[in-house]
Amino acid sequence: MSILGTRVIRTEDPRLLTAGGVYVDDLREPELDGAVRATFVRSTVAHAKITSIDTSEAESQPGVVAVLTAKDMTDVPPPPPVDEDAPPAPGPVPLAGKWQEPVLAIDTVRYVGEPVAIVLTDSTYQGEDAAELVAVDYDILPAVPSIEAALKDESLLFPAAGTNTAITGGGDVSDDSIFDGCDVVVEGDVINQRVAALPMEGRATAAAWNDGKLTVWISTQNAQISRLILTALGLAPEQIRVVAPDVGGGFGAKIGTDRDTVAVAWAAKHTGRPVRWVESRYENLVGMTQGRAQLHHVKIGGTRDGKVKAYRLEVIQDSGGYSRMGFFLPMLTNLMAPAVYDFPNVQANYKVVVTNGTPIAAYRGAGRPEATATVERALDWFAAEAGMDPAEVRRINFIKKEQFPFMTKTGAHYDTGDYETAMDQVLEAAGYAELRAEQKARRERGDVKQLGLGLASYVEITAPDPDAGETGRVDVHEDGTATVYTGSSAHGQGHHTAFAMLVTELLGIPMDKVEVIHGDTDLIPEGIGTYGSRSLQLGGSAVHNASLEVKDQAAKLAASLFEASEADVVLDTATGKWQIAGDPDKSLGWGQIAASAEGKTLTANVNFTADKSTFPFGTQLSVVEVDTETGKVTLLRHVTADDAGPVVNPILIDGQRHGGIAQGAAQALCEEVLYDADGNPLTSTLADYAAITAAELPSFELLRSETPTDRNPLGVKGIGEAGTIGATPAVQNAVIDAVAHLGVRHIDMPTTPERVWTAINDAQKGSGK
Amino acid sequence: MKVDLTVNGKNVTADVEDRTLLVHFLRDVADLTATNIGCETTSCGACTVLMDGESVKSCTVLAAQADGREVTTLEGLKGADGGMHPVQKAFHEEHGLQCGYCTPGMVMAIASLIKENPSPTEAEVRSGLEGNLCRCTGYHNIVKAALSAAEASK
């Protein structure tokens with residue numbers, strides 16, 4: 001019997017449940033003996049010239065080892081030159097050019113929280129005390145706190161660039177003739193607000209410089225990419241070892257590593273002392289990259305019978321103070337603009353502006369949720385205008401099952417899908433018709449608590465960089481155990497369990513004899529890591545292929561040991577024994593075969609690349625109750641059908657879906673990063689940032705189908721981000737649906753009681769959106 | 001000041017700064033690192049431990065306030081048979097954890113919750129966990145684990 005698809009509880013858990021994980025702050029490595037604490041002095045203003053930094057008083061405090069600023073970084077080579085006309089370079093830490101993001105602020109600060117100086121002390125409390133005494137004088141510049149302010153180009157973040165618009169891209173959106181002949185045309189703005197990634201463990205780094213080698217422990221999703229980033233310190237990759245210990249969540253905001261980590265690693269090298277930095281939640285909420293922050297203008301047109309003829313999406317990305325992934329996020333939003341629909345005409349473009357906010361980068365979904373959120377709002381507008389049920393409008397416009405593989409008008413090459421079945425599964429399981437009847441009854445009675453139903457069908461691109469691939473090495477040892485080395489990086493997803501299952505499936509070596517190792521560049525120099533829902537399909541496929549190679553090697557050795565033909569030896573994967581076909585009396589275990597191999601180890605090292613990305617899909621239905629007197633929203637039910645191909649382990653895939661749904665619902669219901677007009681963050685503690693809790697969520701109702709892809713040997717697609725992508729518009733649509741009969745057409749996210757109450761009141765006064 | 005408390009059944013005594021938080025005492029003095037720090041504002045519950053059997057957020061309790069008391073952290077939580085506590089077992093069985101960072105606080109909070117209310121409803125579990133944030137699980141399996149641990153503890 002295959003182990004794949006069965007419920008296997010995680011091998012990671014016993015340690016985490018009894019001793020707790022070993023996160024950066026828990027490391028007790030000998031190299032970190034006597035490590036000093038790093039405390040950052042961060043900009044307290046959004047936009048200013050630094051006129052002076054006086055560190056003398058801080059330096060005289062007890063326990064202070066050093067106070068370091070950009071001026072001390074004379075031992076760091078200048079960043080490599082870039083083309084003066086080039087847009088901001090992609091990547092977590094672009095270090096050169098006119099859009100330069102320095103490691104520590106040099107003469108300008110561009111967001112509250114930007115690192116200005118580092119204080120090294122013997123203890124944490126001493127660091128907090130001393131950091132307060134570093135006197136930074138600022139000459140305040142006019143703040144650019146929003147997209148609207150950035151577009152005015154009155155105050156420039158990078159004067160040498162001459163504009164706040166860092167990048168423009170996408171296609172032409174000027175030809176209005178695509179809307180010719182449309183009986184129903186709707187347009188409007190949709191805000192996809194800035195949200196915090198908020199992993200429970202914030203950013204953390206420890207670093208030690210010994211004998212010309214820098215070892216850096218980072219709470220990261222990508223040890224190998226982090227190592228490349230750290231070469232900015234003037235070191236060759238071989239001089240750097242990056243280790244990802246247990247990582248307390250990432251959600252995209254720990255892709256690679258930040259300038260703060262580069263600064264901490266440099267401080268260790270510069271002073272020769274091991275250094276540890278673990279950010280506070282305040283630092284996390286102003287310093288860690290945030291997500292979304294897009295403003296959309298959308299126009300949709302079609303016929304009165306529900307067929308959409310034309311769709312236009314104009315995206316403006318707020319990249320914050322520095323354009324970390326500026327081009328990449330809205331490019332994905334453009335690519336996925338038409339989503340699950342066969343729209344005959346699609347136009348999309350984007351523009352990236354810098355503002356005096358925390359830099360924006362990937363957050364669970366990263367560019368794709370924004371595309372889905374808007375098309376799903378626009379379809380609801382269109383359905384309302386055409387007087388049709390939202391489900392019917394979706395059905396009419398879906399790409400049909402028989403149209404796959406399907407090339408969208410924006411150039412996405414979808415592999416497989418069955419969008420209509422996913423929606424039907426949800427409608428049936430939820431009892432859609434009954435819910436609509438209940439809604440109708442409540443409306444007729446004029447109940448205070450109204451019911452809202454929100455649909456969102458989605459498709460997303462996973463493993464968006466399939467050609468970058470992923471590494472996987474499988475070793476089988478003479479004691480019969482196996483070790484897997486993966487370039488993929490776990491921070492809660494369950495890689496260790498899932499990848500061991502893949503080995504067990506092919507080699508018959510029991511799960512408890514398969515060790516999975518990740519996140520150490522000395523052991524795994526090549527690898528990419530985890531983002532874009534790529535782990536199983538690329539990293540898992542590498543492990544799968546490496547297992548097959550090991551099996552081939554073993555078959556040859558077994559044949560030789562048996563003195564039989566290779567064609568006659570077989571592996572019984574139930575027992576992990578090699579036998580001669582038809583002769584069950586003689587058998588060889590993995591240990592015996594490995595012992596006969598060169599170096600007494602069977603080994604295969606694979607870099608799996610795919611030609612194309614994969615496209616999981618599904619439909620989510622949200623059911624909410626809205627108190628029309630207070631505006632309070634209660635999420636009653638959330639029903640989803642998600643299809644990411646064959647399931648390796650149902651508890652792992654469902655765990656990803658649960659977490660994704662909660663984060664998606666959080667954006668729709670309560671979470672938002674806010675700034676005042678001067679660019680001061682208003683949500684810099686968890687007392688202010690309304691992170692979603694258990695009390696605001698129901699248990700979720702999950703349905704599943706398994707449509708394989710032909711783009712990797714496992715047939716799998718990614719699932720890490722699907723929940724988030726579908727949940728946000730499903731919940732937002734449900735909230736608006738609950739009060740649509742009162743004349744409300746749209747409510748921006750998050751749909752807080754105040755926003756909902758205001759929308760109802762404005763609609764009744766006839767001034768609604 | 002001198003602080004003298006019992007942590008997981010063992011006496012721990014140290015001279016610490018007056019302002020030392022219990023969570024720092026546990027992590028840095030007692031060298032028990034399972035208890036994590038998530039926010040410093042009593043909002044996230046990652047640092048939840050038991051003090052004289054009741055759950056407290058150790059980031060907003062001074063070590064001095066724990067003087068003379070008994071503190072239990074995840075490392076000290078045990079089932080009746082000396083193995084995993086029913087809450088720990090349920091988290092494993094129901095996939096109640098992913099990255100594991102909120103887990104020690106969640107487990108301690110739930111252990112305390114079902115001691116106080118041995119038969120909680122789903123709604124009671126959800127409102128009881130309002131002060132403990134998890135970013136990975138969507139709380140779905142944490143709630144399931146709490147209910148199943150309550151059942152198993154009977």
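This is a predicted model: local features need pLDDT of at least 70, side-chain atom pairs count only at pLDDT 80 or more; totals for chains, interfaces and linings use all residues.
Is A:D475 buried or exposed, and what is its relative accessible area? A:D475 is buried, with a relative accessible area of 5%, where buried means under 20%, exposed over 50% and partly exposed in between, using a 1.4 Å probe and protein chains only.

Residues are numbered from 1 along each chain as its sequence is written, chains are lettered from A and ligands numbered from 1 in the order in which they are written, and side-chain values use heavy atoms, with hydrogens and water left out.

The side chain of A:D475 meets that of A:R473 in a salt bridge at 2.7 Å, N to O, the term standing for a side-chain nitrogen of Lys or Arg within 4 Å of a carboxyl oxygen of Asp or Glu. A:R473 counts as partly exposed, at 25% relative accessibility.

A second salt bridge joins A:R436 to A:D389, with the closest N and O atoms 3.4 Å apart. Because A:R436 lies in helix α12 (residues 432-445) of chain A and A:D389 in the loop between α9 (368-386) and α10 (390-397), the pair ties together parts that are 47 residues apart in sequence; helices here are DSSP runs of H or I, at least four residues, numbered from the N terminus. A:R436 is buried at 17% relative accessibility, whereas A:D389 is partly exposed at 27%.

Within helix α10 of chain A, A:E392 and A:R395 lie three residues apart, about one turn of the helix, and their side chains form a salt bridge of 3.3 Å, N to O.

Technical notes
Helices (H or I, at least four residues) and strands (E, at least two) are DSSP runs, numbered from the N terminus.
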